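Please look over the sequence and the model shown here before reading on. The report is written for a reader who is meeting this structure for the first time.

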Amino acid sequence: MLEAQIAGRLPSVSAAVFRGSEVVWSDAVGLADVERRVEATADHQYAVASITKTFTAASVLQLRDAGKLDLDDPLSKHLPEAAHGTPTLRRMLSHASGLQREPPGEVWETMHFPNEEELLASFEQAEQVLPPSTAWHYSNLAYALLGHLVGRVSRMPFHAYVEERLLRPVGLEHTSWGPGDNPALPYFVEPYSDGVRREPVLDIGGKGGESGLYSTVGDLARWGSFLADPDESILAATSVEEMHTLQVMANPEWTLGWGLGLELWRRGERLFTGHTGGFPGFVSILLWSRSDRVGAVVLTNSSTWAELDSTGLDLAEAALEELAPEREPWTPEESPPAEILPLLGRWWSEGDETIFSWRHGKLEARREGAPPERAPSVFEPEGDDRYRTVSGRERGEVLRVVRDEQGEVVRLYWATYPFTRTPEIFGPQP
């Protein structure tokens, strides 16, 4: 981190690497407070700016899981007084709504960010700069509205909702709206000298879901670990899977895409997920490899740093190279239920072989020869001899079991394709 701090001319850098729920390394270099010469530590808070959007997205998914909304609802269903009420929540979460980037007005000159009443009153002045779903277009305006939507649907202030439903349950004790007791101060570094100027500490009281949280590398590591492997009492694993699922590609090289509230980076064969943040006096990045449950956090108190993304990705890749994956010893499980036993083993759909297994209390299917890192299809029961694919290949499709007159399983139909114990051609048998 010292080399990055020097090369970037950053007042301070605080960073951490995590594996699972454990912070395996953290460090800080530079000054959290230049005027008083206070050395930065891993316990200093930094404004994390748009990393806040990951909390907003998780809040929306929580409310969806509670039956309070649907991701394909138009905005106007929940904020009826809003103009441009047609963008869906899904499009807003993935920056595919086509709404302009910022709220109407010159907010980055006035530094006044509208509260809910002001935002909704001025929303009719906002432009739909692109038709919905035609391209990725980053919109702080969309996320400001999503924060106010969470407040409206939950019937509690958005900031309080995040504190009660996410920060406390996940154990983020050093994350707060605005600076807490131990904040790093924000700076603008002069481009042609080594002087710095203090940036203003912004009033985030009226902000919606676009930004406003301050946090530490330790807390963000815990949050990244949670989003890689959630506690289902807080947020369903299926909802976290949706957050990680590509919704729109953000560049033509296919190296950056967007899920629901999450950035998706591809580096070679590796996929990283997370979010960046930028605020006057602060830039930040949180990212992780979900399959390895290894990630990194980098926080700074400088307004700009061109190497932010590459430094964060380099740190995460180095962590993957150095850290052996966590492995648990194999332990026996309970035998499958009687109705599952006849389904297990090898089945053929024409010339394709698929292996059905029972793992961790679930029926799974994996195509023979599939890469080991590719997740299997997982099924949930949906009545007698009927199962629904809840993840993996053919998600959403039905698996139907066919028995003969003696009750023996003779055929499966998955997504309407027939599966038999030996290879057969499709259509009537000769």
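This is a predicted model: local features need pLDDT of at least 70, side-chain atom pairs count only at pLDDT 80 or more; totals for chains, interfaces and linings use all residues.

## The open sheet

Eight strands make up an open sheet with antiparallel pairing, and their order is E15-E16-E17-E18-E19-E20-E21-E22. At the edges are strand E15 (345-349) and strand E22 (417-419), each of which pairs on one side only. From one strand to the next, the twist averages 30°.

Strand E18 (residues 377-381) is paired with strand E19 (residues 386-391) in the antiparallel sense, over four bridges. Val 378 has Ser 391 in E19 as its bridge partner, and Phe 379 stands opposite Thr 389 in E19. The hairpin that E18 and E19 form has four residues between the strands, and Gly 383 in the turn has a positive phi of about 105°.

E19 is also joined to strand E20 (residues 398-403), to which it runs antiparallel, by three bridges. Here Tyr 387 stands opposite Leu 399 in E20. The hairpin of E19 and E20 has six residues between the strands, and within this hairpin Gly 392 takes a positive phi near 85°.

## A pair of crossing helices

Helix H2 (residues 52-65) and helix H7 (residues 158-170) have axes that come within 10 Å and cross at roughly 80°, which means that H2 is roughly perpendicular to H7. Among the residues that make the contact are Phe 55, Ser 59 and Leu 63 of H2, together with Phe 158, Tyr 161 and Arg 165 of H7.

Definitions and conventions:
Residues are numbered from 1 along each chain as its sequence is written. Side-chain values use heavy atoms; hydrogens and water are left out. Two strands pair if DSSP finds at least two bridges between them. Helices (H or I, at least four residues) and strands (E, at least two) are DSSP runs, numbered from the N terminus. Axes are lines fitted to C-alpha atoms, for helices over the stretch in contact, and angles run from 0 to 180 degrees between N-to-C directions. Angles under 35 degrees count as roughly parallel, over 145 as roughly antiparallel, 65 to 115 as roughly perpendicular and the rest as oblique. Contact means heavy atoms within 4.5 Å.
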